[in-house]
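Here is a friendly walk through one protein chain, for a reader who likes cut-offs spelled out. Please keep the viewer open as you read.

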Amino acid sequence: MPALDIPSLLERDAELAELAATLDGTRAPLGRVVVIEGPAGIGKTRLLAEAAARGRANGMTVLTARASELEREFGYGVVRQLFERALSELPAEERADVLCCAAQPAAAVLVAEVPDAAGGDASFSTLHGLYWVAANLAERRSLLIAIDDLHWCDAQSLRWLAYLQRRLEGLRIVIAVALRPGEPAAPESLLAHVVHDPVARVLRPGALSREAARRLVRSVLSEEADEAFCAACHDQSGGNPLLLGQLLGAVATERMAPTAEAVERLRTLGANAVARVVALRFARLDPAAPRLAAAVAILGDGVALGPAAALAGLDPDAAHEAAT
C-alpha cells in the first residue's frame, strides 16, 4: 500500500535554514559539505531534494546521483551518474575543455561505453582527473553535487568523493549527501572520511512531534480528526514521516473515520502498514536479526539480550551483532 505524500516539511526549519545558508553562500569560492544523516524514512531524501531545488534556483549546476544496493559493485557507478549526462549535454567544444589537461585521465571512466564491473581503476591519476572535471565545471557555474543513499555507494566513487572533499578550498562546489548510519556491508572506513571531515556540517533530522503529527493527520484526513486518533497515529509511527505516511495511506484506503472510537482498529491497521516497511528492512539483514526480533516480540519489551539470544538459538557474539 503506497504512503501518502507528506504535504510539507514539518519541523525541518533548522535543517532548511542550514541548507539555505550553505547554498546561498556559493557565490563566493568556498567549498562546503553537508551530510544529512538518519534512519530510514526520517526525510533525508526530501531534504536533499530541497537542496537540489534551491541550488537550481540559485543558478547552480546541480549534479545528482542515488547509490543502489544492487549496483555497489560497479566501479565509479555513482560518479558516472553524476557526470555523464552533464557532459553529454555540453557542446562538443566545452566538453573538450572540461576533459582537457589534468582532467584527461577521467575520460577513461566517463567516456567508456560500459562501466567496469570488476571495480574500476582507483589510481591517483583517475581520482585527480575526476577532481579536475568537477573543478572545471565549477569554473563555469557554482556546482552542487548531491548524492542520496551514500551508504550504498561503490568504493571507487566514495574514494573520489573523499579526495574531492579534502581539496574543496577555493572551489565553488557544495557537496550534499544523505545516508543511513550503521547500514550492513557499508564501507564504514570510507564513509568516515566524508562524514567526520572537519569541513562537513552534519544534519540529523529527528522524529516528528505529536503536534506535527496532529497537524499532518488533520491536513491529510480531516480537520475534525479526534485528538486521541492523532495521538495514536504518532504512537504507531514513532513520528517517522515515512511510516506516518504509510499509516495515513492505509487509513485513507480503508475509509476509516479519524475518531476516538477508531483507535483500536487503527492500531491493528497500523501494525500491518508499518510491517511492510519493517519486513523490507529485515530482508536486507543477516537471518539472525529477524530471529532475534521474533524472540524479543515473544519475551516482551525490556528483555535482556541473554534470554532473547537463548530463545533465538544464537550464541552471544551472533546475538550482539544481530542486536546492533
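Arg180 touches Gly38, Pro39, Ala40, Lys44, His151, Trp152, Arg281 and Arg284, leaving aside residues up to four places away in sequence; contact here means heavy atoms within 4.5 Å. Arg180 sits in the loop between strand 4 (173-179) and helix 8 (188-195). Helices (H or I, at least four residues) and strands (E, at least two) are DSSP runs, numbered from the N terminus. Arg180 counts as buried because its relative accessible area is 10%. The classes are buried for under 20% relative accessible area, exposed for over 50% and partly exposed in between, with a 1.4 Å probe and protein chains only.

A word on the model itself: it is predicted, so local features need pLDDT of at least 70 and side-chain atom pairs count only at pLDDT 80 or more, while totals for chains, interfaces and linings use all residues. Residues are numbered from 1 along each chain as its sequence is written, and side-chain values use heavy atoms, with hydrogens and water left out.

**The chain as a whole**

The protein chain holds 15 helices and 5 strands, and its C-alpha atoms fill a box of roughly 70 × 50 × 35 Å along the principal axes. Of its 324 residues, 46% count as buried. Among contacts between residues at least 6 apart in sequence, 77% join residues at least 24 apart.

The 5 strands form an open sheet in the order 2-3-4-1-5, with parallel pairing. Strand 2 (61-66) and strand 5 (200-203) are the edge strands, each pairing on one side only. Two strands pair if DSSP finds at least two bridges between them. Strand 1 (residues 32-37) is joined to strand 5 by 4 bridges, and the two run parallel. Val33 has Ala200 of strand 5 as its bridge partner.

**Helices in contact**

Two packed helices are described by the angle between their axes and the distance between the axes. For helix 13 (residues 288-299) and helix 14 (residues 305-312), the angle is about 115° and the axes are 8 Å apart. Axes are lines fitted to C-alpha atoms, for helices over the stretch in contact, and angles run from 0 to 180 degrees between N-to-C directions. Helix 13 contributes Arg291, Leu292, Ala295, Val296, Ile298 and Leu299 to the contact, and helix 14 contributes Leu305, Pro307, Ala308, Ala309, Leu311 and Ala312.

Elsewhere, the buried residues of helix 9 (residues 210-220) are Ala212, Ala213, Arg214, Leu216 and Val217. These buried residues pack against helix 10 (227-237) and helix 11 (241-254).

**Some single residues**

Where does Val109 belong? Val109 is part of helix 5 (residues 107-110), and it touches Tyr76, Val79, Arg80 and Thr126, again not counting residues up to four places away in sequence. Val109 and Ala289 lie 180 residues apart in sequence and 38 Å apart in space, C-alpha to C-alpha.

Two residues other than glycine have a positive phi: Glu11, near 55°, and Cys101, about 55°. Glu11 is in the segment before helix 1 (13-24), while Cys101 is in the loop between helix 4 (92-98) and helix 5.

| Residue | Relative accessibility and class |
|---|---|
| Val109 | 9%, buried |
| Glu11 | 37%, partly exposed |
| Cys101 | 63%, exposed |
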